[in-house]
Amino acid sequence: MRLSRAFLPTLKETPAEAQIASHRLMLRAGMVRQTSAGIYAWLPAGLRVLQKVGQIVREEQDRAGAQEILMPTIQNADLWRQSGRYEDYGEEMLRIKDRNQREMLFGPTNEEMVTDLFKDYAKSYRDLPRNLYHIQWKFRDERRPRFGVMRGREFLMKDAYSFDVNPEAAQHSYRQMFLAYLRTFARMGLKAIPMRADTGPIGGNLSHEFIILAETGESQVFVSQDLLDLDPLADTPDFAGDLAPHVDRWTQHYAATEEMHDEAAWSALAEGKRVSARGIEVGHIFYFGTKYSASMGLTVQGADGKPITPEMGSYGIGVSRLVGAIIEASHDEAGIIWPDAVAPFAAAILNLKAGDATCDALCEQLYAALGAEAVYDDRDARPGQKFAEADLCGYPWQAIIGPRGAANGRVELKRRATGERLDLSREDAIARIK
Ligand code: ATP
Ligand code: MG
Ligand code: MG
Ligand code: MG
């Protein structure tokens, strides 16, 4: 992308409405624009990050054996009457009437819809297990939309739903998602801690929230240092095999949100191991048994010919919230510091003397080699402005090209995260960025 033609409306001033770093930086870096309270338009740079985050989520869901579908945003109220949640859900649900006065709603989640959909096809125990997910916009009329995309009213969520033949099999599906989540967040450069959680209105008896530690988090959490030291990418589990030992590595240490906090167990931990901090919920998984299958009449025929009511779980990830959460976890005074895996562009090419034939030629060569992963600052602007904007937007690499270096075919490469600077040939610079 050439900055001279890009739609990347960066702001110099800090927007007054933004209370936390990620919100401020997303607005200043031209990633999103609020169109109504808690509803955002995603601009090119923001959309690229959102799509990269979504793609990591997708790859790890697929790896764990889930299958992608796409359900609608608008749902029929009758579905929710069957489960009994139409009344229970309360004011967070956006209720809509169509021209025939039929009651519809903008989905805040999809348990009812997916159960109904699955019911039409699943006939026998051979149709189990299945895990279906989609990445779709949700709407919740939050009382206090705030912190930008972290608590929006319209937001992008990945939600998966598992169907199993019995509780043991459902437990396996739960573990698959548990481990897929650890990998997902780690690939984005985040340390997300699974914590026993309250099941709330979804119901059920087994649930974990995945929480990243950040001062601006809305939850109070209590976690053992031993858990913070584990590396989720240290081993790739065989998702078809026995997953219990992998999950146990994570659940053996103390970790709880405020609602589930147990003072006695906490005080039994060594003082130096106790970390109490603020956290951001980025994912949440539930095993809730037959709550929806039973209320919505989903049964399949078992091996013995008798009907079985499938055991279910649901598994959410806040895809759009993650964009803000990653920034909360990775920024400094100057701006965003994108982890490589989710950066909108891998590198910015900063032409310090646009119009100078040697600088232009070297920049064009770099730009051609890096392709869609580069933003080329070809504008007629002061170097100081180019540096500041590249720092603000957080590209992992800056390829700085000035007349002196260009005359010798040299590129100065700056690593955003560390400030480290390298003096490289064009080829070496390209190889380093790729
Ligand atoms: P919260 O406690 O933050 O209100 P929740 O517990 O209501 O979230 P879930 O129903 O568990 O949310 O939904 C799954 C995931 O969707 C959450 O873990 C979170 O990452 C994301 N999410 C929920 N509400 C919002 C929102 N208003 N804006 C952005 N993401 C959200
Ligand atoms: Mg909520
Ligand atoms: Mg919650
Ligand atoms: Mg939750």
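These legends accompany close-up views of a predicted model.

**View 1. An open sheet of three strands.** The strand order is E4-E6-E5, and the pairing is antiparallel. Strand E4 (74-76) and strand E5 (94-97) stand at the edges. Each has a single partner strand, so one side of each is left without a neighbour in the sheet. On average, neighbouring strands here are turned by 40° against each other, direction ignored.

**View 2. The pairing of E5 with E6.** Strand E6 covers residues 103-106. Four bridges join E5 to E6, and the two run antiparallel. Follow one bridge: Arg95 has Leu105 in E6 as its partner. Strands of a sheet pair through backbone hydrogen bonds, either parallel or antiparallel.

**View 3. Asp62 in helix H2.** Helix H2 spans residues 44-63, and Asp62 lies in it. Is Asp62 buried or partly exposed? Asp62 has 13 other C-beta atoms within 10 Å. A residue counts as buried at 20 or more and as exposed at 12 or fewer, so Asp62 is partly exposed. Tyr133 is 71 residues away from Asp62 along the chain. The C-alpha atoms of Asp62 and Tyr133 are separated by 9.4 Å.

View 4. Helix H6 (residues 167-187) has 21 residues. At 1.5 Å a residue, H6 should span 30 Å. Its end C-alpha atoms are 30 Å apart, which agrees. Gly189 follows H6, and its phi is positive, near 80°.

**View 5. A right-handed β-α-β unit.** The unit is made of E19, helix H12 (residues 357-370) and E20. Strand E19 (residues 347-351) pairs with E20 over four bridges, in the parallel sense. Ile349 stands opposite Tyr376 in E20.

**View 6. The two faces of strand E20.** In a regular strand the side chains alternate between the two faces of the sheet. Strand E20 covers residues 374-377. Ala374 and Tyr376 point one way. Val375 and Asp377 point the other way. All four of these residues are buried.

Notes:
Residues are numbered from 1 along each chain as its sequence is written. Chains are lettered from A and ligands numbered from 1 in the order in which they are written. This is a predicted model: local features need pLDDT of at least 70, side-chain atom pairs count only at pLDDT 80 or more; totals for chains, interfaces and linings use all residues. Two strands pair if DSSP finds at least two bridges between them. Axes are lines fitted to C-alpha atoms, for helices over the stretch in contact, and angles run from 0 to 180 degrees between N-to-C directions. The expected span of a helix is 1.5 Å times one less than its number of residues. A crossover is right-handed if, with the strands pointing away from the viewer, the path from the first strand over the helix to the second runs clockwise.
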